[in-house]
Each structure stands twice: as structure tokens, then as C-alpha cells.
Amino acid sequence: MAQYQINARLGEHTRNSAIDCNVYLDPEGNEIERDCADPAEDYAVESFVVHPDFNRPRRFSNDIGLIRLDRTVVMKHHIQPLCLPVTEDLRTKQFKKYLVTGWGATENQTGSDVLLKAEVPRVSNEVCQQRMVENRLNIQLTELQMCAGGQDLVDTCSGDSGGPLGMSSNFKGVDRFVQYGVVSAGVNSCGQKSVPGIYARVVNYMDWILDNIQP
């Protein structure tokens with residue numbers, strides 16, 4: 001039986017291109033400057049931790065996990081950390097909108113080669129649950145989940161699962177991009193219906209995350 005190595009790729013932007021570049025053109029369409037990032041880097045997955053109550057007591061519950069890479073990541077211009085809400089101030093913040101990214105399916109129902117990003121509005125769990133009921137979706141939300149998006153053809157879609165939902169927030173005087181959600185579930189219409197996407201609420205998993213990460 002064939003053995004497969006699972007890797008995490010860092011610094012990727014355009015999947016079908018070995019080198020990602022921003023190309024700047026003059027008014028006539030001639031290239032005047034090219035700004036290229038270093039190649040993406042693959043890190044082997046040394047181990048992983050799945051939440052012990054994944055998909056329990058009901059589907060999509062505790063949809064979160066951790067992976068440990070096989071070596072220390074060297075931060076570069078195109079490889080930067082995604083911060084966690086480690087302080088009480090960060091944990092209690094709420095935003096009207098969040099930013100979500102991924103290579104999931106587009107309106108053509110095909111995966112994107114380019115990393116896409118979108119602003120999605122925050123939706124309260126009460127309103128989100130009502131949308132589930134109205135669309136006959138058998139999903140019971142808990143405080144461990146949060147909702148966002150689901151309108152104007154802007155939403156997460158197939159292939160985005162596990163991606164980050166976050167927003168820039170001030171931490172010790174510096175703006176950092178902080179992750180507040182992990183893409184978990186949504187309807188196949190991907191924003192065409194008024195049904196928000198469902199995310200694991202990172203704030204409520206911080207104790208579990210800190211208990212399971214290793215130096």
C-alpha cells in the first residue's frame with residue numbers, strides 16, 4: 001500500500017505558480033516592475049491532535065484540531081504568524097465584520113488557484129439558528145460556534161474548511177491579525193442563500209489549545 005506524506009505549505013498564494021509575483025504595468029500595458037516572494041515552503045506534519053469531542057454530541061460540534069510541524073518555522077516577509085486571542089481584551093472583542101481566506105470553490109464551483117479573501121458580516125447565534133430553521137437545516141448551534149457571512153454571493157465554500165476567520169486587532173500597541181473562527185460548515189449555495197457560514201469559536205477553545213500545544 002502506498003504511503004503518503006502529509007505536508008503543510010506555508011507562504012503559498014497562487015497554487016499553479018512556483019514563484020508568486022506582483023507585476024506592475026505602465027498605462028500602455030508594459031511591465032515596469034516585478035515584486036516576487038520567496039518560494040512557498042513545505043513542512044511535514046509530525047503529529048496532530050483532534051478535539052476529543054469532534055462531531056459530538058452532534059454533527060459539526062468541536063470541529064477543531066492542532067497540527068505540529070516537524071521543524072521550527074522561520075518567519076519571512078511572506079510567512080507571518082496568525083495570532084490567537086490570548087488576552088481577555090482580545091477574547092471579549094466583537095467586530096461587525098471579519099476577514100476570511102481560502103482556496104475554496106468560486107461561483108464557478110471550481111477551486112481557486114489564487115488565495116481569495118472576503119469580508120463577511122458577523123451574525124449572532126440567535127439569528128443564525130433561525131436561518132438554519134428557515135432553511136430546514138438540522139444544525140443546533142452552541143456557544144462553541146459562531147456565524148458570519150451568507151449574503152451577496154460572498155461566503156466560504158467547499159474547500160475552505162479549516163481556514164481562518166479573523167480581524168486586525170491591537171495587541172500591545174501593534175496591529176495584529178487575530179483568528180477568531182475556524183471554517184466549519186455551510187450550505188452548498190455558498191452565499192446565494194441568506195444562510196451564514198458556521199465557524200468553531202476560537203475564543204472558547206483557548207484553554208484546550210493552550211493545554212495541548214507543545215513548545
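Reader: Which residue in E5 is the bridge partner of Val 45?

Author: Please keep in mind that this is a predicted model. The partner of Val 45 in E5 is Leu 69. This bridge belongs to the pairing of E4 with E5, which is antiparallel and extends over five bridges.

Reader: In what order do the strands of that sheet stand?

Author: The sheet is open and has three strands, ordered E1-E4-E5, with antiparallel pairing. Strand E1 (7-10) and E5 each have a single partner strand, so they stand at the edges and one side of each lacks a neighbour in the sheet. From one strand to the next, the twist averages 50 degrees.

Reader: Which strands make up the closed barrel?

Author: Six strands close the barrel in the order E6-E7-E8-E11-E10-E9, again with antiparallel pairing. Here the twist from one strand to the next averages 45 degrees. E6 and E7 run antiparallel and are joined by six bridges; within E7, Lys 117 is the bridge partner of Thr 101. Helix H2 (residues 125-134) packs on this sheet and touches E7, E8 and strand E11 (197-201), its direction making about 75 degrees with that of E8.

Reader: Which residues of the largest nonpolar core touch the most other members?

Author: The general idea is that nonpolar side chains tend to be buried together in soluble globular proteins. In this model, the largest nonpolar core has 15 residues, and those touching the most other members are Tyr 98, Val 100, Val 120, Leu 165, Tyr 180 and Tyr 199. Strands E6 (97-102), E7 (116-123), E8 (145-148), E9 (164-171) and E10 (174-185) each give two or more residues to this core, and E10 gives the most, with three. A second, separate core of ten residues includes Val 123, Cys 128, Cys 147 and Ile 198.

Reader: What does Leu 165 contact beyond its neighbours within four places in sequence?

Author: Its contacts include Tyr 98, Val 100, Val 120, Met 146, Val 178, Tyr 180 and Tyr 199.

Reader: Is Asn 62 buried or exposed?

Author: A residue counts as buried when its relative accessible area is under 20%. Asn 62 has a value of 8% and is therefore buried. This residue is found in the loop between strand E4 (41-50) and strand E5 (65-69).

Reader: Which polar partners does the side chain of Asn 62 reach?

Author: The side chain of Asn 62 reaches the backbone oxygen of Arg 56 at 2.9 Å and makes a polar contact with the side chain of Tyr 205 at 2.8 Å. Beyond four places in sequence, the residues in contact with Asn 62 also include His 51, Asp 53, Phe 54 and Leu 144.

Note on methods
Residues are numbered from 1 along each chain as its sequence is written. This is a predicted model: local features need pLDDT of at least 70, side-chain atom pairs count only at pLDDT 80 or more; totals for chains, interfaces and linings use all residues. Side-chain values use heavy atoms; hydrogens and water are left out. Helices (H or I, at least four residues) and strands (E, at least two) are DSSP runs, numbered from the N terminus. Buried means under 20% relative accessible area, exposed over 50%, partly exposed in between (1.4 Å probe, protein chains only). A polar contact is a pair of N or O atoms within 3.5 Å; within protein, one must be able to donate a hydrogen and the other to accept it, and residues adjacent in sequence count only if both atoms are side-chain atoms. Contact means heavy atoms within 4.5 Å. A nonpolar core is a set of buried Ala, Val, Leu, Ile, Met, Phe, Trp, Tyr and Cys residues joined through side-chain atoms within 4.5 Å. Two strands pair if DSSP finds at least two bridges between them. Axes are lines fitted to C-alpha atoms, for helices over the stretch in contact, and angles run from 0 to 180 degrees between N-to-C directions.
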